[in-house]
Amino acid sequence: MKFARALAFWSYRKADYVCAVTEGILSDLQSRNVPLSKLLFLPNGVDLEQFAPMPPDHGLKHELGLQDKEIVLYAGTHGYAHGMERILRAAKVLQERRPQCHFVFVGDGSAKPGMMRHAIELGLHNVSFLDPVPP
């Protein structure tokens, strides 16, 4: 643990900038005497005006063959750090308990090919993987 802490402080000293994605991380970095001139606050978030709830697009549901389905959507990066295998496990449970539920993954990333293989291995018929689309 001491080595990890020393490595972190060394990294902070050598970095041009240190990015904080939450106010808690920013506060922690400030308490560790990381110079304010090095700190960037770039919070994760979403534009609620652009991504507000909308009525279902029945034409798109028909095009995707998902009419009469309840859609669970994951849109974004398909990376190993995102824990998407948990979503596949949930899809496995719901495949038999709620057959009207369908999971749609939109996007791309390093974990996508493995996720697609895993969905096949699990015998999932309630999962679709789509290519990325602009917002």
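Reader: Where is aspartate 68 found?
Author: This is a predicted model: local features need pLDDT of at least 70, side-chain atom pairs count only at pLDDT 80 or more, and totals for chains, interfaces and linings use all residues. Residues are numbered from 1 along each chain as its sequence is written, and side-chain values use heavy atoms, with hydrogens and water left out. Helices (H or I, at least four residues) and strands (E, at least two) are DSSP runs, numbered from the N terminus. In those terms, aspartate 68 sits in the loop between α3 and β3.

Reader: Is aspartate 68 buried or exposed?
Author: Buried means under 20% relative accessible area, exposed over 50%, partly exposed in between (1.4 Å probe, protein chains only). Aspartate 68 has 71% relative accessibility, so it counts as exposed.

Reader: What is the phi of aspartate 68?
Author: Aspartate 68 is not a glycine, yet its phi is positive. The value is about 65 degrees.

Reader: Which loop holds asparagine 33?
Author: Asparagine 33 also has a positive phi, near 65 degrees, in a residue other than glycine. At 67% relative accessibility it counts as exposed. Its loop lies between α2 (23–31) and β2 (39–41).

Reader: What separates the C-alpha atoms of glutamate 70 and serine 128?
Author: Glutamate 70 is in strand β3. At 36% relative accessibility, glutamate 70 counts as partly exposed. Along the chain, glutamate 70 and serine 128 are 58 residues apart. Their C-alpha atoms are separated by 13 Å.

Reader: What is the volume of the largest pocket?
Author: On a 1 Å grid over the protein atoms alone, a pocket is an open set of points where a 1.4 Å probe fits, with protein on both sides within 12 Å along at least five of seven lines. Grid points are joined across faces, edges and corners, and a volume is the space filled by probe spheres set on the points. For the largest pocket, the volume is about 990 Å³.

Reader: Which residues are the closest to its centre?
Author: Lining residues have an atom within 4 Å of a point. There are 24 of them in the largest pocket. The closest to its centre are Leu60, Leu73, Ala75, Val106 and Val133.

Reader: Which element supplies the largest share of the lining of the largest pocket?
Author: α3 (58–63), β3 (70–75) and β4 (101–106) each supply at least two residues of that lining. The largest share is three residues, and it comes from β3.
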